[in-house]
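Here is a short note to read beside the model.

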Amino acid sequence: MLDELKKKKQNLKKVEKPISNLLTDSGRKEAQKQVLAVNVEKWMPKLEEKNLTFQTKLCPITHEEAELIIQGCQEVQKQGFISEETHEKLLGMKEKINKTILQVKGAKENGVFVKLSSRSPKDSVHTVPDYKERYISNLKEFLSKSNLTKPDENLKLMAIVQTSKDSMKVRNAEEAIHLLTHSKRILMDLTIALKQEQEVIENFVFREWQEIDVDMEFRGFVYNSNLNAVSQYFQYFSSPLLVEKKEEVSEKILDFFDNKIKPLLSKDFKNYVVDFAFNKENIPFVIELNAFDFSDCCLFSYAKEKHILQNGPYEFRITEKPQKGAKSQLDESVKSVIDLVDQENIFN
């Protein structure tokens, strides 16, 4: 019995934290340098011109505006809400943010994806007012498309990921400011950016919103300009469709990178992490670039498999079957929503 439990524990994929979490102060400076090297402004124009990534519009952030967003973030962390005074000041950015949003293709009908030059506020999606209701709706939809009578853990994970993705969509400045000021990632990135000696330290980045299925996002690892490994991005769940089409998807990603992306980026970018997605028309796109070594490695391991990530041969990994206990990999704030809905016995 004990041996069986040990085996199950070993089979459960642990989320490996990026190396940046373990760095000394001097090492952290190098990490910051590498992260800044793949900010969206550096690579996006090369790919957007060829329609290989989503349309993107930038809105500069000044030092004063960055300090104001940081103030909002700190108030949220300390007291759970933003003071009326700070909120009114934040709304001073409303006009220029709304103007930029409306420049993005389809913004009026579909909304936009919001991030900064470095990262997105994806850690604050659970603070969106109707997050739980969205999760219930997504769970019902996933259940209706399955052969289950009530949702299992794998289906719940697919639904919560879908909900988190949906909650990144914003339609106006107020919604964008809410996500940004409730994000620890944004607080960290702007604090670092303020140390840079330049007038514009980051940009608000508003990107065309495209509907992407939760099982159609992938993370690739590029070293010496070669795509050596690709992982299912949301590794928490297993997708029957993705399992069925594994080889087809793998070949499409490799072909897309070798023939479309590599020729455009290889001169200026050698080692990086690249996120891919297929839209509803099954057309591949690049979502973004991230720093090699300093991004989540999904189904690979920097510590144990760096030789694969750096040298290949090319390997494509997905979660082949549901993993017991996979929910434990989620952030507590998101996991608590699943638990809360479970307690309501909606599907019994």
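**Notes on a helix and the ring pairs**

1. This is a predicted model. Start at helix H8. Its buried residues pack against helix H9 (153-166) and helix H15 (332-343).

2. Which residues of H8 are buried? They are Tyr131, Tyr135, Ile136, Asn138, Leu139, Phe142 and Leu143. These residues cover an arc of only 170° around the axis, so they lie on the same side of H8.

3. The length of H8 checks out. The helix runs over residues 131-144, which is 14 residues. At 1.5 Å a residue it should span 20 Å, and its end C-alpha atoms are 20 Å apart, so the two agree.

4. Now the rings. The whole structure holds 11 aromatic pairs. In one of them, the ring centres of tyrosine 233 and phenylalanine 234 are 4.8 Å apart. Their planes stand at 90°, so this pair is edge-to-face. Tyrosine 233 counts as buried, because its relative accessibility is 14%. Phenylalanine 234 is buried too, with a relative accessible area of 14%.

5. Phenylalanine 256 and phenylalanine 276 also form an edge-to-face pair, 6.2 Å centre to centre with 75° between the planes. This pair links distant parts of the chain, 20 residues apart. Phenylalanine 256 sits in helix H13 (residues 246-265), and phenylalanine 276 in strand E7 (residues 272-278). Both are buried: phenylalanine 256 has a relative accessible area of 7%, and phenylalanine 276 has a relative accessibility of 1%.

6. Which residues do ring pairs link into a cluster? Phe221, Tyr223, Phe292, Phe300 and Tyr302.

Methods
Residues are numbered from 1 along each chain as its sequence is written. This is a predicted model: local features need pLDDT of at least 70, side-chain atom pairs count only at pLDDT 80 or more; totals for chains, interfaces and linings use all residues. Side-chain values use heavy atoms; hydrogens and water are left out. Helices (H or I, at least four residues) and strands (E, at least two) are DSSP runs, numbered from the N terminus. The expected span of a helix is 1.5 Å times one less than its number of residues. Buried means under 20% relative accessible area, exposed over 50%, partly exposed in between (1.4 Å probe, protein chains only). The arc is that of the directions from the helix axis to the C-beta atoms. Contact means heavy atoms within 4.5 Å. Rings of Phe, Tyr and Trp (its six-membered ring) pair if their centres lie within 6.5 Å; planes under 30 degrees apart count as stacked, over 60 as edge-to-face and the rest as tilted.
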